[in-house]
Amino acid sequence: MTDFLLRIANLCRKELLAIFKDPASRVILFVPAIMQSLIFGYGATYDLSNVPYALLDQSRAGAATELIAHLDSTGVFHRVATLRTQADIREVIDTEKALLVIQIAPDFEQQLSAGRPAAIQLILDARNSNTAGSAAGYVSAVVERYNAELRARAGAPPAPLTIESRAWFNPNLQTRWNLLPGLIAALSMLQTLLLTALSVAREREQGTFDQLLVTPMSPLEIMIGKALPPVLVGLAQATLILLVALFWFGIPMAGSLATLYTGLVFFTVASVGIGLSISAVSANMQQAMLYTFVLLMPMMLLSGLTTPVRNMPHVLQVITTANPLRFAIDLVQRVYLEGVGLATVWHNLIPLSIIALVTLPLAAWLFRHRLV
Amino acid sequence: MSGFWTRLISLTRKEFRQLLRDRSNLAIGILLPMVLILIFGYGMSLDVKNAPVGVVLEDPSPAAHEAMAGLQLSPSIAPVLLGSMHDAEALMHDRKIDGIVRVPSDFSRSLAAGNARVQLIVHGADAGRATIIQSYVSAALAQTAIRQADRGGRTGGADAPAIGRVTVEQRMWFNTANTSTWYLVPGLIVLIMTLVGAFLTALVMAREWERGTLEALFVTPVRPVEILLAKIIPYFAVGMLGLALCLLAARFLFAVPMVGSLFAVVLSSMLYLIVAVSLGLVISSVTRNQFLASQVALIATFMPSMMLSGFLFDLRNVPVAVRVIGHVLPATYFMDLIKTLFLAGDVWPLIWRNCAVLVAYAVGLLLLAHAVTRKRLD
């Protein structure tokens, strides 16, 4: 038993040395993880903070000016152009000078003072329909506030119905809050998978894998020795991103570290299992990398990181059950934001274990059978 | 000059053979685009449709039921009537519902008095979705309130002052279907071009560096330019194949309109492909090793072109530093081009501007690749 552990420890040490002896790969394994979590943490936001708009005010009346003043005071909307005719709309939208154009009809003031509904036209650049939808929502909210003011000024009671809105787990509804916990899993998987897939493929390409097989080590020991270092690297990367989320972005963690790391260990082992299987079926490093990529892209896109899994058609949802990242993201987000314990997220551990239990023996089997 | 062409043609033929011999290259050139097309077209969606929202009516009055009926009208929300807040909270914890609308027991009384309150709780873990649900629920309930107020005004006597109200009529240009598929599928072209161009080239060249076969080539009469061109051409061809697949899928599978001209789409894609391939060449000649080249290519291309190019997230809303990074990426300019060409049409000022930037990148990167290749050998 001690021999067993000793041999594994030695192989691990050798593997870690192989990874870290090159200063460039030391940098590449950790600096990008931190940089990407910072950049994406700031960059990945569906919240609007700067909406350039153009105004076509045909009424030139007090009410319209007042409404626009409300819009400008939000700090989100910035007027970039004041249009004269309807024909000018196309140019500002087409060239992306403005995300939206607000058109106020000549009879706006008359309608309003006559006590009738007066419409403003909102023309949105929906090349990104998501952004356009949010911008429309923002304008509507401003208009609602203005309507409330009109009522108050007319001496009418405030709107008969108010909606008290509250968001659980993410009080200010910031995209960053759900993205960063997701990145803890996603970014660490990117490199863990590649690192693992390459570790055996490289040895095979250079012929040192055969040497490893003639050592007194059993295939199981080689397997563990090869799997453990990337698991450690993956966990280290995840920790760095966790630290960025916690201390740089100050996103409070509701759950326990123990639960989080339990999930991450299962996830990383499953990823490493996939990586080792890739390297077992690849003849050389290039193939290992390409296969990794062919798997990685769908895994990232079907993980729920950028678009929700629930929006996917049923068939694809079934396919995502083979994707460890899907379960890891669910687990990490729920533990981090909602503070749930293992009792709630244990069901994510099952598919992760199955993936590990299939891929690791498969890789071990493939290693032996491709060489004989 | 004829020597240049013979050498180039034979080298290119060799590269093509090498490319076709390895199944993994074809996997990335053909299989991956096809898988991605299906995922982007069918699987990825940011639209909120029929989001389950629990409704707890603590007041069984007709007014409360009318509020519930108002919610049913919205195509984005699927209200589910629940017995108690306790049940609702349990379902919310299991993420079975995205939000809870609570109509308190004094609802109809306070509505008559003109100060009713409805509580809305959304599950904030997916912030984007939660925001959309918030605005849809608010809009649906506001309609109910207006109907109630109109009725109240009529019964309350003719002396009540008529109060004007501003309403918003919105028109979505370029995406009349208002579906995220329409911008996700064109965005896919950017990802595939980046992938095939930069990633594949970086890898293949790095392998030659690592094995020393590139040095071996340099002692033959071929010139570095010829080697670089011969490397570029096959991957360029694979990239164009990916483009063709995307265009066909966009047109016939997902019916995404292509308002702009096909000529402009193909031209700008070719330009971007040259940029991506040159980027791959630079990465490989700087790293000269497959492991590093693949890591750098991964970090420099895939994630940034997905996260920072304006594909999913609007660059107008990010901090200046991130916006600058986004505008350093050539993918950002191509993303703008392709989305405009597909959805808005041939907006020439925008096309020329972005194409000029891409040409500058292509020239700059090719010169850099050439310089780095030569310098390293001297």
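**Note on the predicted model of chains A and B**

1. B:Asn50 is exposed, its relative accessible area being 52%. The model is a predicted one. B:Asn50 counts as exposed because its 52% is over the cut-off of 50%. This residue belongs to the loop that runs between α2 (23-43) and β1 (51-57) of chain B. The phi angle of B:Asn50 is near 50°, which is a positive value in a residue other than glycine. As background, most residues other than glycine have a negative phi.

2. A:Leu173 also deserves a remark on its backbone: its phi is near 50°, again positive in a residue that is not glycine. The residue is located in chain A, in the loop between β5 and α7 (175-206). Is A:Leu173 buried or exposed? With a relative accessible area of 8%, A:Leu173 is buried, because the cut-off for that term is under 20%.

3. The interface between the two chains may be described next. The size of an interface is often given as the accessible area lost when the parts come together. For chain B and chain A, the area buried between them is about 10200 Å², and 64% of it lies on carbon and sulfur atoms. In terms of residues, 112 of chain B are in contact with 109 of chain A.

4. How many salt bridges are found across the interface of chain B and chain A? The rule finds 3. A salt bridge joins B:Arg211 to A:Glu205, with 3.4 Å between the closest N and O atoms. On the side of chain B that touches chain A, the residues comprise 64 nonpolar, 27 polar and 21 charged.

5. Strand pairing also links the chains. Strand β5 of chain A (residues 161-168) pairs with strand β4 of chain B (residues 116-123) in the parallel sense, over 8 bridges. Within this arrangement, A:Ala167 has B:Val122 of β4(B) as its bridge partner.

6. B:Val122 is also among the residues touched by B:Asp98. B:Asp98 occupies the loop between α4 (85-93) and β3 (99-103) of chain B, and is buried, with a relative accessible area of 4%. Which side chain makes a polar contact of 3.0 Å with that of B:Asp98? The partner is B:Arg129. Leaving aside residues up to four places away in sequence, B:Asp98 touches A:Arg310 in the other chain, and its contacts in chain B include B:Ala51, B:Pro52, B:Met92, B:Ile121, B:His123 and B:Ile133.

Methods:
Residues are numbered from 1 along each chain as its sequence is written. Chains are lettered from A and ligands numbered from 1 in the order in which they are written. This is a predicted model: local features need pLDDT of at least 70, side-chain atom pairs count only at pLDDT 80 or more; totals for chains, interfaces and linings use all residues. Side-chain values use heavy atoms; hydrogens and water are left out. Contact means heavy atoms within 4.5 Å. Buried area is the accessible area (1.4 Å probe) that two parts lose on being put together, summed over both. A salt bridge is a side-chain nitrogen of Lys or Arg within 4 Å of a carboxyl oxygen of Asp or Glu. Ala, Val, Leu, Ile, Met, Phe, Trp, Tyr, Cys and Pro count as nonpolar, Asp, Glu, Lys and Arg as charged, and the others, Gly among them, as polar. Two strands pair if DSSP finds at least two bridges between them. Helices (H or I, at least four residues) and strands (E, at least two) are DSSP runs, numbered from the N terminus. Buried means under 20% relative accessible area, exposed over 50%, partly exposed in between (1.4 Å probe, protein chains only). A polar contact is a pair of N or O atoms within 3.5 Å; within protein, one must be able to donate a hydrogen and the other to accept it, and residues adjacent in sequence count only if both atoms are side-chain atoms.
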